[in-house]
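The structure is shown first.

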Amino acid sequence: MKVPAVFVTSAAQPSDFPFGTLPELAVVGRSNVGKSTLINTLVGHDGLARTSRTPGRTRLVNWFEINKKFHLVDLPGYGYAAVNRDLKESWRPLIETYLAKRDVLAGVLLLIDIRRGVQEEELDFIPWLAAKKIPVIVALTKADKLPKNKRTLEVMKAKKDLGLKRDPIAVSAQTAEGIEAMWRGMLKIVEAPKQ
Ligand SMILES: Nc1nc2c(ncn2[C@@H]2O[C@H](COP(=O)(O)OP(=O)(O)OP(=O)(O)O)[C@@H](O)[C@H]2O)c(=O)[nH]1
Ligand SMILES: [Mg+2]
């Protein structure tokens with residue numbers, strides 16, 4: 001599936017955030033979890049968002065316009081210890097300001113590596129989103145790295161760990177597993193009337 005998608009802009013600091021027009025879905029998760037890859041897979045454009053084997057690839061907030069309908073926002077990953085302190089100090093406010101203040105934020109795609117499972121950051125993040133009434137879709141990435149029975153176990157485990165009502169979606173950029181389910185969830189959020 002190929003969906004019209006274009007890069008809009010990047011921001012290195014909150015003062016560079018563009019004026020918000022379309023609803024935004026933010027892609028959030030640990031460094032190297034596959035955020036940029038998932039964006040490319042969802043729209044069927046390989047090189048739209050830059051990906052890398054080296055954690056910490058995405059250092060800016062990047063906006064992509066999807067189908068003239070909504071923005072996917074690629075946020076820098078959290079939790080990568082090897083990034084030097086100065087860089088980390090500049091990322092935190094970038095991510096936090098975006099999530100706390102962005103009035104066109106319609107929902108969050110929270111990505112968790114299926115082999116790592118839920119960690120402290122995600123445990124804190126889900127109640128924070130719930131308190132702000134921000135809808136979230138939890139995706140377990142790199143599902144191709146586990147056999148089917150293990151995938152199912154990890155989905156149930158993540159659901160329990162995070163206290164979710166719905167099953168997280170196991171996704172893979174390699175097999176396209178879960179991509180249709182992601183689309184259904186995303187469209188539901190961006191098409192919902194704004195509260
Ligand atoms: N096997 C497999 N590898 C994947 C998948 N998704 C991403 N990867 C690999 O994981 C690595 C990191 O992917 P990125 O998309 O750059 O991760 P990111 O979350 O954007 O990373 P940062 O920008 O550094 O925070 C790359 O080597 C990808 O090829 C997947 O579904 N399956
Ligand atoms: Mg990235």
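The radius of gyration used here is taken over C-alpha atoms, and the globule rule is 2.2 Å times the number of residues to the power 0.38. The model is a predicted one. For 195 residues, a compact globule would have a radius of gyration near 16 Å, and the protein chain agrees because its own value is 16 Å. Along the principal axes, the C-alpha atoms fill a box of roughly 45 × 40 × 35 Å. Of the 195 residues, 35% count as buried. Among contacts with a separation of 6 or more, 72% are between residues 24 or more positions apart.

The protein chain contains 5 helices and 7 strands. Read from the N terminus, the elements run β-β-α-β-β-α-β-α-β-α-β-α.

The 7 strands form an open sheet with mixed pairing, in the order β1-β3-β4-β2-β5-β6-β7. Strands β1 and β7 stand at the edges with a single partner strand each, so one side of each has no neighbour in the sheet. Strand β7 runs parallel to β6, and 2 bridges join them. Within this pairing, Ala-139 has Ile-169 in β7 as its bridge partner.

Some of the elements, with their residue ranges:

| Element | Residues |
|---|---|
| β1 | 5-11 |
| β5 | 105-113 |
| α3 | 120-131 |
| β6 | 136-141 |
| α4 | 148-162 |
| β7 | 169-170 |

Helix α3 lies across β5 and β6, and runs at about 160 degrees to β5. Helix α4 has 15 residues and reaches 21 Å from its first C-alpha to its last, close to the expected 21 Å. Just after α4, Gly-163 takes a positive phi of about 65 degrees.

Definitions and conventions
Residues are numbered from 1 along each chain as its sequence is written. Chains are lettered from A and ligands numbered from 1 in the order in which they are written. This is a predicted model: local features need pLDDT of at least 70, side-chain atom pairs count only at pLDDT 80 or more; totals for chains, interfaces and linings use all residues. Helices (H or I, at least four residues) and strands (E, at least two) are DSSP runs, numbered from the N terminus. A residue is buried if 20 or more other C-beta atoms lie within 10 Å of its own, exposed if 12 or fewer, and partly exposed in between; C-beta atoms are placed from the backbone. Two residues are in contact if their C-beta atoms, placed from the backbone, lie within 7 Å. The expected span of a helix is 1.5 Å times one less than its number of residues. Two strands pair if DSSP finds at least two bridges between them. Axes are lines fitted to C-alpha atoms, for helices over the stretch in contact, and angles run from 0 to 180 degrees between N-to-C directions.
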